[in-house]
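Let's take a walk through a protein together. Keep the viewer open and find each spot as we get to it.

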Amino acid sequence: MRFFRFLLLLLVCVTVCFSSPGLAAERICDYTVSARVEPDGSLLVTEHIQVLVEHQKIRHGITRVFPVKEHYAGDSLRHYGFNVLSVHLDGQDVPYVRTDKGFMAGLAIGDPEKLAPSGLHTYTIVYRTTNHVRPFADHDEIVFNAIGLENRFPVDVAQFSLMLPNGAHATFARAVTGRHGKEGRDVVSDAPLSFRTTRRLSPGEGLTVAVGWPKGFVKPE
């Protein structure tokens, strides 16, 4: 119960953001995500979240929310595995609490007894997630929301890169921006399977990437 209250406290701390001149400019300055598709079909994901902290709405740390269940194809339910491997603040271990509720898993990152350091700081989350690879008759693919739609802060720049299993090459790759169901094109590809937004994302907007590759490189366990 104490852990759940702590998560709710941090969620309240990041619910509202101010970006107008003269007000607190707390925001995510850079959100860089890299993922590797493993031969067993899991994804090894690293997130670097550079945050400007001014102790206005970000007090003890940040939160991150991950989907662990999702409706698709009508009433079908897809389950995603989610295993946190490490969490760091500026390269050092930082306390975190995980809470699972409904379709989401939440991480409350930070020491509840201390204020987060002010200024620019980078939180790094490394995790493994499963069941994102979708098999088709002639190819496999993933559709991955690299920047969570539950994010409550503007994001100056979001970037995502994907590495496929050895020998695999992408047969298609596309990325869209915006809220759920939107297909904004405010994104460029700096390199194969590497994407970068071209405008600031507002709270609730994400970067979603779809990539396909030939059969035979992934064999889910």
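Start at tryptophan 213. Leaving aside residues up to four places away in sequence, Trp213 touches Val37, Val133, His139, Asp140, Glu141, Ile142, Leu164, Ala168, His169, Ala170, Thr171 and Val218. Keep in mind that you're looking at a predicted model. Trp213 also belongs to the largest nonpolar core, a group of 48 residues. Along with Phe160 and Leu162, Trp213 is among the residues with the most contacts inside that core.

Now hop over to Phe160, which stands opposite phenylalanine 195 in strand β16. What joins β13 to β16? Three bridges do, and the two strands, β13 (residues 155-163) and β16 (residues 194-197), run antiparallel.

Strand β16 has another partner to look at. Strand β15 (residues 187-191) pairs with β16 in the antiparallel sense too, over four bridges. β15 and β16 make a hairpin, with two residues between them. In that turn sits leucine 193, which has a positive phi of about 60 degrees.

Time to switch to charges. Side chains of opposite charge can pair when their charged atoms come close. In this model, the count of salt bridges comes to 11. One of them pairs arginine 64 with glutamate 47, with their closest N and O atoms 2.8 Å apart. This pair links distant parts of the chain: arginine 64 lies in strand β3 (residues 61-67) and glutamate 47 in strand β2 (residues 43-53), 17 residues apart. Are these two buried or exposed? Arginine 64 is buried, and so is glutamate 47.

Compare that with arginine 98 and aspartate 100, another salt bridge, where the closest N and O atoms are 2.7 Å apart. Arginine 98 has 35% relative accessibility, so it counts as partly exposed. Aspartate 100 counts as partly exposed as well, because its relative accessibility is 46%.

Finally, go back towards the hairpin. Aspartate 186 forms a salt bridge with arginine 199, and their closest N and O atoms are 2.8 Å apart. Again, distant parts of the chain are linked: aspartate 186 is in the loop between β14 (172-178) and β15, while arginine 199 is in the loop between β16 and β17 (206-214), 13 residues apart. Aspartate 186 is partly exposed because its relative accessibility is 26%, and arginine 199 is partly exposed with a relative accessible area of 28%. Elsewhere, salt bridges that share partners join Arg27, Asp156 and Arg200 into one network.

Methods
Residues are numbered from 1 along each chain as its sequence is written. This is a predicted model: local features need pLDDT of at least 70, side-chain atom pairs count only at pLDDT 80 or more; totals for chains, interfaces and linings use all residues. Side-chain values use heavy atoms; hydrogens and water are left out. A nonpolar core is a set of buried Ala, Val, Leu, Ile, Met, Phe, Trp, Tyr and Cys residues joined through side-chain atoms within 4.5 Å. Buried means under 20% relative accessible area, exposed over 50%, partly exposed in between (1.4 Å probe, protein chains only). Contact means heavy atoms within 4.5 Å. Two strands pair if DSSP finds at least two bridges between them. A salt bridge is a side-chain nitrogen of Lys or Arg within 4 Å of a carboxyl oxygen of Asp or Glu.
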